[in-house]
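Colleague: Hi, could you walk me through this model? I'd like to start with the aromatic side chains.

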Amino acid sequence: MTDAAATPVETPVQARVHAGSCHCGAVRFEVETDLSQVMECNCSHCFRKGLWLTFVEPAAFRLTSGEPALTEYLFNRHNIHHWFCPTCGVEPWGQGTGPDGKAMIAVNVRTLTDVEPFSVEPGTRVDGRSF
């Protein structure tokens, strides 16, 4: 199905601060990121949740409200701490250590409230099922 009135996909190329939240708004955050580096993964977790991710250093992420509301989910090797809102079930981000050993935060791009739907697409697909 195509939409004749669809607008072209515009990919931002510079890092900027974005606002984000869970669905009910109990958890809110800000993140400085470049959305030209969005990644899609087919691991059992990301695929089921439809996550599109952008990775940032912890200094580029700021939780602005809802810390007491957060619930953690760990699976497999327990390397990534997946944080979600227990009220609405949305996972705004996960945090762990990247392949280089540095701390990183994986932000769910679909929770960024100032990004128009369909304005960003993943530039990289990762075969997480093979990990």
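Modeller: Happy to: the structure holds four aromatic pairs, where rings of Phe, Tyr and Trp (its six-membered ring) pair if their centres lie within 6.5 Å, and planes under 30 degrees apart count as stacked, over 60 as edge-to-face and the rest as tilted. This is a predicted model, in which local features need pLDDT of at least 70 and side-chain atom pairs count only at pLDDT 80 or more, while totals for chains, interfaces and linings use all residues. Residues are numbered from 1 along each chain as its sequence is written, and side-chain values use heavy atoms, with hydrogens and water left out.

Colleague: Why is the pair of Phe29 and Phe61 called stacked?

Modeller: The ring centres of Phe29 and Phe61 lie 5.3 Å apart and their planes meet at 25°, so the pair counts as stacked. Phe29 belongs to strand E2 (residues 28-33) and Phe61 to strand E5 (residues 61-65), so this pair ties together parts 32 residues apart in sequence. Strands here are DSSP runs (E, at least two residues), helices likewise (H or I, at least four), numbered from the N terminus.

Colleague: Is Phe61 buried or exposed?

Modeller: Phe61 is buried, at 12% relative accessible area. Buried means under 20%, exposed over 50% and partly exposed in between, using a 1.4 Å probe and protein chains only. Phe61 also pairs with Trp93: their ring centres are 4.7 Å apart and the planes are at 55°, so that pair is tilted. Since Phe61 sits in strand E5 and Trp93 in strand E8 (residues 93-97), the pair joins parts 32 residues apart in sequence.

Colleague: And what do Phe29, Phe61 and Trp93 form?

Modeller: Those residues, Phe29, Phe61 and Trp93, form one aromatic cluster. Phe29 counts as buried too, at 1% relative accessibility.

Colleague: Nice. Changing topic, how many helices and strands are there in the protein?

Modeller: The protein has one helix and ten strands, running β-β-β-α-β-β-β-β-β-β-β from the N terminus.

Colleague: What about the radius of gyration?

Modeller: It is 15 Å for the protein, which agrees with the value near 14 Å that a compact globule of 131 residues would have. That radius is taken over C-alpha atoms, and the globule rule is 2.2 Å times the number of residues to the power 0.38.

Colleague: Last one: what percentage of the residues is buried?

Modeller: Buried residues make up 34% of the 131 in the protein.
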